[in-house]
Amino acid sequence: MGSRSLGMTPPSLRDTSPADGGGKRFALAEWQLALPLALAFAALFLAPLLLLVGVSFFNDDKITQPGFGSWVKFFGDPFNYKVIGDTLLLGVKTVCATIVVGYPLALVYLDLGARLQKVLLFIIIMPLLLSVVVRTFAWIVVLGREGMVNQVLIGLGLISEPLRLLQTELGLVISLTQIEMPLMLLPLISVMSRLDPNLRDASAALGASRWRTLFTVIVPLSMPGLVAGCLLVFASSTTAFISQTVIGGVRLIYLPLLIWQQSLVVYNWPLAAVASLSLVVSVLSVIAALSYLGRRSSGHLHG
Amino acid sequence: MQASAPVQTQQAPAGRTLDVDDLTVRYGSAVAVDGVSLSIEPGEVVALLGPSGCGKTTLLRVIAGFVRQVAGRVLVDGGAIDHLPANQRNVGIVFQNYALFPHMNVTENVAYGLRARGQRGPAVEARVSRMLDMVQLGGFRDRLPRQLSGGQQQRVALARALAVEPSILLLDEPFAALDRNLRLDMQIEVKRLQRQLGLTTILVTHDQDEAMSVADRIAVMNKGTVEQFDTPVAIYDRPQTLFVNGFIGTTNLLPGKVIARDGDGATVALDAGAALHLPAPAGIAAGTTVLLSVRPEQLVLSTEATAESWPIVPGLSLPLGSQIIHEARTTDGVALKIVEPRLRAPAGDARRFCALAPDARPSLFPRSTQ
């Protein structure tokens, strides 16, 4: 690494340059630096996944008879299709809600001065500093029969009976929207704040209204951030076991709850393995489709 | 300029007048533009020239409607436009970084303003084609901005701004990102289009050569105010303030004192040791300490002492193309630069006296204004 290039080298690489200067023997290739993480991934992620695939091909819960019995049983039951469908739908609803609430918030962020931006960013990040369990229980307090929402609505005379929000999908989507919001906002804000502010002025000077500027310039150019946010929120909300069970209760069954029941209540590990794999595959295929669409829509920006 | 042969102004809407009337802009407590008034003729190109932070870009952004003033008015053809939002002012603007829409191709970029005005169909296509032919980009219709060179991007930005037939054209440092040769080409091109369309144009720049070559008049700005608003030649030859004098071109400042006044003239005794009889502004009375400003090409070197020359200590001589720049010092320690044609310069440094050239037009400034 020549000293001339130092100014443009990211800090992480710059740290290795003294070793380069001292002697080539100690120089690490970049792929070697990734080895510890790769090994950890192999041991803690890839191996269990293979084990899971292996376990799924047993017929009985004692894991003694190899066969396709668990797969046949899982996919022979129409109830399980409904669970898969509900799970993916929950993800879609949460993604839509985070976009509807989050996108305007990102626009507001863009218009704020530097100091207020810092405050807003802190407010956005703050939920991440709290445990999911704490955030979920907070929503129980808010959404419960005697909770804040019901008391306000009754106090305003809008309703006479408390609304049932806990153990409904509506309540679950509301709380997941708040819980997953940082995952939508952070990529969105990082992409949008890199947009050239002159583009908005140029659009206005050419006679475009604010709405036209929003939909023809800002939205298309923020697609990479929007797609990234959707991916994160979708993956996170479909697998949010704690929020799903604590707020949804046992009446709303999603795949994570089904897996928990099969593995830790019924102790049918092969069936739990099949359910887990169908969760992984169905979520990954939606994500693959989303990111393919995202790449197509933003490919001409950075290609 | 050879490129701008007499052009029929067939499609030219007569240019608009633009008046800026006692305009003040504040950012928080900082005053960015302080009571600026400019009156711009139809079809005129005016350069706002000044160092960064002088308020020139802010003034442009007020005219475009991106920034609101705290006082003063902007009038086009005599009518105030201050109440209009940016998207209703019909002002064309070209940004320093061009601000092309990166996700739209050349055609879509140029058509953007027409579509925003609700125009559709073949009329839009015809207009876009005409604009692209005008900026000689007919073959690049389907390219994305990032597939174009800087000069081509600028032509697209220009075509996009002109497509909507703006009443005023604003150029915000439009040539700064181009390399030297391309810059000259584009300056000629912009001037040609501007003449052809008869568009009243404001150019913001910190490059004095650019202002000199493109503008009909230059407003030299400093600290939010206009120091001088005049033709390029007048600004160069008759700077009204020390700031303008120092900002435009290179100059030598010689301290001295007025020892006598007569009519339009004054006799000035230079601290360097010479008495010169010069034209002087009325405000400078006998006894005033002054600075004499002389351009390097208005000084000559000689071997003999006279009453109107002063001794110098020669320094380096740098050949610069067809010219030589001599460095020198007066006996009281003021550094001088003297420029002369290379072919006329004798070798050696036997010439130890300096005087004003016969056609020199030095300026006198009272010392207190420094």
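The contact between the two chains draws on 17 residues from chain A and 19 residues from chain B, two residues being in contact if their C-beta atoms, placed from the backbone, lie within 7 Å. The model is a predicted one, in which local features need pLDDT of at least 70 and side-chain atom pairs count only at pLDDT 80 or more, whereas totals for chains, interfaces and linings use all residues. Residues are numbered from 1 along each chain as its sequence is written, and chains are lettered from A in the order in which they are written.

On the side of chain A that touches chain B, the elements giving two or more residues are H11, H12 and helix H16 (269-302) of chain A, helices being DSSP runs of H or I with at least four residues and strands runs of E with at least two, numbered from the N terminus. The largest share of this side, six residues, comes from H11(A).

Within helix H11 (residues 197-205) of chain A, the buried residues include A:Arg200, A:Asp201 and A:Ser203, a residue being buried if 20 or more other C-beta atoms lie within 10 Å of its own. Among the elements that cover the buried residues of H11(A) are helix H12 (210-221) of chain A and, from chain B, helix H1 (56-64) and strand S6 (91-94). Just after H11(A), A:Gly207 adopts a positive phi of about 100°.

In chain B, five strands form an open sheet in the order S15-S19-S16-S17-S18, with antiparallel pairing, where two strands pair if DSSP finds at least two bridges between them. Strand S15 (299-302) and strand S18 (335-341) of chain B are the edge strands, each pairing on one side only. S15(B) is joined by four bridges to the antiparallel strand S19 (residues 353-356) of chain B, and B:Ser302 stands opposite B:Phe353 in S19(B).

Note on methods. Buried ≥ 20, exposed ≤ 12 C-beta atoms within 10 Å, placed from the backbone.
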